[in-house]
Amino acid sequence: MATAFELDTLKIRINDSEFQQLDLHQRIQRALRALILEGVLQPGAKLPATRGLATSLGVARDTVENAYVQLHRDGYIVRRGGSGSFVCERLGPELRGAAKRRLKVQAPEHLQLVPGEGLSQRGRMIFDSGGVSDQQVVKAFATGLPETRNFPVAVWERLQRQVVKDYRAHILLHGDSQGAEPLRKSIATYLNLERGAKCSPEQILILSSTRQALFLCAQLLVDADKPILMENPGYFGARKAFQAAEARVLPIDVDGAGLRTDVLLADRSGAQCVYVTPSHQYPTGVTLSLERRLALIAWAAQKRKWIIEDDYDSEFHYEGQPTACVQGLDTYHRTLYVGTFSKTLYPGLRMGYMVLPPELVKPFTYARSVMDGHTPQTLQLTLARFMDDGHYNAHVRAMRKLYAERRAVLLDAIGTHLNGIVTALHPPGGLQIPCLLHAGWSEADTLKQAASVGIQLSGLSRLYAGEAKQEGWLLGYSSLTAHEIESAVRRLAKALAQ
Ligand SMILES: Cc1ncc(COP(=O)(O)O)c(C=O)c1O
């Protein structure tokens with residue numbers, strides 16, 4: 001530290017923005033450490049006396065002393081009584097190499113990390129799948145996103161404050177892995193009344209999301225390399241969750257009445273489960289007919305299989321009442337019902353749940369306890385109050401009315417501006433409209449043309465296992481105002497006309 005240059009270097013380092021949040025003695029310590037690691041201060045180099053350095057830096061001597069004490073404790077310097085402080089001689093080249101890498105100097109080629117390195121085969125497969133990218137901003141025509149701009153935030157905040165006050169000691173500790181009892185009660189009451197389910201609070205498992213539920217299903221019900229059946233086309237989140245457990249996902253086609261149970265009944269793959277979206281099939285929006293629901297349940301009962309029923313957005317049904325869920329019809333307890341608050345409330349909440357056959361409650365709860373313990377207590381208890389006080393039903397009613405209007409606006413705009421390009425299907429519910437491209441139009445090309453005007457269209461092809469049977473788009477409308485829908489459709493039509 002003898003030269004003025006090194007003192008200046010140290011001063012610059014102390015003021016490094018990386019260290020801004022730290023106390024002064026910590027900044028001096030970090031700066032000296034960095035200079036040691038970078039080789040500016042070589043092993044054996046003498047550090048200035050604390051008094052001298054304090055004067056040069058214009059700080060109290062204690063401040064420098066504290067920095068030296070820490071450097072000494074960490075093994076960067078040695079302090080010899082009477083002769084001063086020295087950079088430790090034993091600091092090997094590896095340690096200094098670490099600093100070089102921090103400075104973005106490339107490690108030799110044979111030591112460089114490559115993406116995916118060190119992962120298990122399963123880890124590599126998950127990495128290669130690219131995960132699921134959720135929409136973090138509202139854009140035309142984001143699929144499955146609810147309107148969040150008029151969520152009753154003030155009511156939610158008030159209830160959350162009440163919960164913190166009433167359950168203070170309780171919420172600061174761990175909660176039940178199965179979920180908070182008040183919320184399990186509220187959900188069971190809601191499902192039995194509104195969804196025609198037949199369940200008790202003891203059958204409910206509170207989770208973070210549908211995807212977590214599907215991940216657990218795959219972990220607990222399907223061995224690696226064994227088959228699981230899934231609707232085709234179907235929800236990419238489900239396919240990825242099953243694949244992440246190394247299950248072989250086998251497609252079962254869907255037609256105008258939902259999952260083709262004739263194909264299911266003919267299945268000889270040995271699969272133990274089938275994943276279905278009976279209320280509004282994703283992405284076609286069709287409702288599974290009663291006849292097929294009964295066939296599905298009979299198949300599961302007789303062959304001792306499981307039905308995974310994903311009831312993600314049945315609350316938003318615009319033509320009469322939504323059909324009651326399969327779980328309520330299934331007296332054999334072969335159905336694992338999955339629900340989410342991502343659509344009815346808001347996706348950032350991360351709250352979902354399962355209704356489990358009684359004998360599966362413990363295995364699933366144990367698996368959840370291993371995975372991440374439980375869902376945050378405050379959120380669960382706030383949601384329970386939100387439901388019990390009637391806010392949940394009121395919000396869903398208001399949103400259903402709003403989405404029905406927006407759906408009509410989108411169908412109108414498609415008819416006016418995209419006539420001859422796509423035919424819109426008219427599913428009885430849901431938060432998106434499937435649009436089938438006419439002959440002569442390519443999905444890949446239209447997606448590119450839309451992207452050129454800032455519209456991220458969701459293609460139908462990627463929802464098929466293997467070759468797509470139908471090209472087209474899935475247009476979400478629920479998070480857009482009528483004006484936003486109209487102007488986005490006009491913009492899209494203009495881009496496609498070029
Ligand atoms: C078919 C289907 N199930 C479930 C969900 C909800 O997923 P999560 O609860 O993981 O947000 C979605 C969301 O897009 C979906 O499309």
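Trainee: What should I know about the numbering and the model?
Mentor: Residues are numbered from 1 along each chain as its sequence is written. The model is predicted, so local features need pLDDT of at least 70, side-chain atom pairs count only at pLDDT 80 or more, and totals for chains, interfaces and linings use all residues.

Trainee: Why is Val-87 called buried?
Mentor: A buried residue has 20 or more other C-beta atoms within 10 Å of its own; exposed means 12 or fewer, partly exposed in between, with C-beta atoms placed from the backbone. Val-87 has 22, so Val-87 is buried.

Trainee: What does Val-87 touch?
Mentor: Contact means C-beta atoms, placed from the backbone, within 7 Å. Leaving out residues up to four places away in sequence, the partners of Val-87 include Ile-36, Leu-41 and Tyr-76.

Trainee: What makes a set of residues a nonpolar core?
Mentor: The members are buried Ala, Val, Leu, Ile, Met, Phe, Trp, Tyr and Cys residues, joined through C-beta atoms within 7 Å. The largest such core has 68 residues. Ala-218 and Ile-228 are among those touching the most other members. A second, separate core has 25 residues, including Leu-145 and Leu-437.

Definitions and conventions
Two residues are in contact if their C-beta atoms, placed from the backbone, lie within 7 Å.
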